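Please examine the structure shown below.

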Amino acid sequence: MEIEIVDYKGTKVMELSGDIDMFTSPELRRELIGLVHRKVSPLLIDFKKVSYIDSSGIATFVEGLKGVKTYGGRLKFFSIPDRIIEIFNFSKLDRVFEIYRTLDDAVNN
């Protein structure tokens with residue numbers, strides 16, 4: 001997995017690529033919680049290049065969501081591939097996380 005933090009129109013975007021699993025989720029957690037501690041909001045997560053996510057990756061995002069809610073922040077996901085969105089839909093996490101089709105949708109809503 002690779003992580004890149006970019007700025008888009010004044011908004012922090014975490015661009016992810018590769019597999020998010022028990023081996024890579026600790027690195028994701030460090031980056032995500034670091035942004036949470038800086039009270040970044042909204043924080044956008046780009047899933048476009050994510051090929052796989054397991055329960056440890058999901059748990060990392062749940063922890064991040066709990067963290068941003070402590071300061072009234074927002075965590076938004078966008079560009080989630082079909083094979084990944086199925087996991088969110090099946091587990092009903094699509095009702096927990098803010099999920100958008102595109103970066104602009106996430107920025108403007």
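**Terms and their grounds**

Q: With which residues is Thr-60 in contact, leaving aside its neighbours within four places in sequence?
A: Thr-60 is in contact with Ser-25, Leu-28, Arg-29 and Leu-32, where contact means heavy atoms within 4.5 Å. This is a predicted model in which local features need pLDDT of at least 70, side-chain atom pairs count only at pLDDT 80 or more, and totals for chains, interfaces and linings use all residues. Residues are numbered from 1 along each chain as its sequence is written, and side-chain values use heavy atoms, with hydrogens and water left out.

Q: Why does Thr-60 count as buried?
A: Buried means under 20% relative accessible area, exposed over 50% and partly exposed in between (1.4 Å probe, protein chains only). Thr-60 has 7% relative accessibility, so Thr-60 counts as buried.

Q: Why is the pair of Phe-77 and Phe-97 called stacked?
A: Rings of Phe, Tyr and Trp (its six-membered ring) pair if their centres lie within 6.5 Å; planes under 30 degrees apart count as stacked, over 60 as edge-to-face and the rest as tilted. The ring centres of Phe-77 and Phe-97 are 4.6 Å apart and the planes stand at 25°, so this pair is stacked.

Q: What makes Phe-77 and Phe-97 buried?
A: Phe-77 counts as buried because its relative accessibility is 0%. Phe-97 is buried with a relative accessible area of 4%.

Q: Which residues do ring pairs link into a cluster?
A: The cluster consists of Phe-47, Phe-61, Phe-77, Phe-88 and Phe-97, linked by ring pairs.
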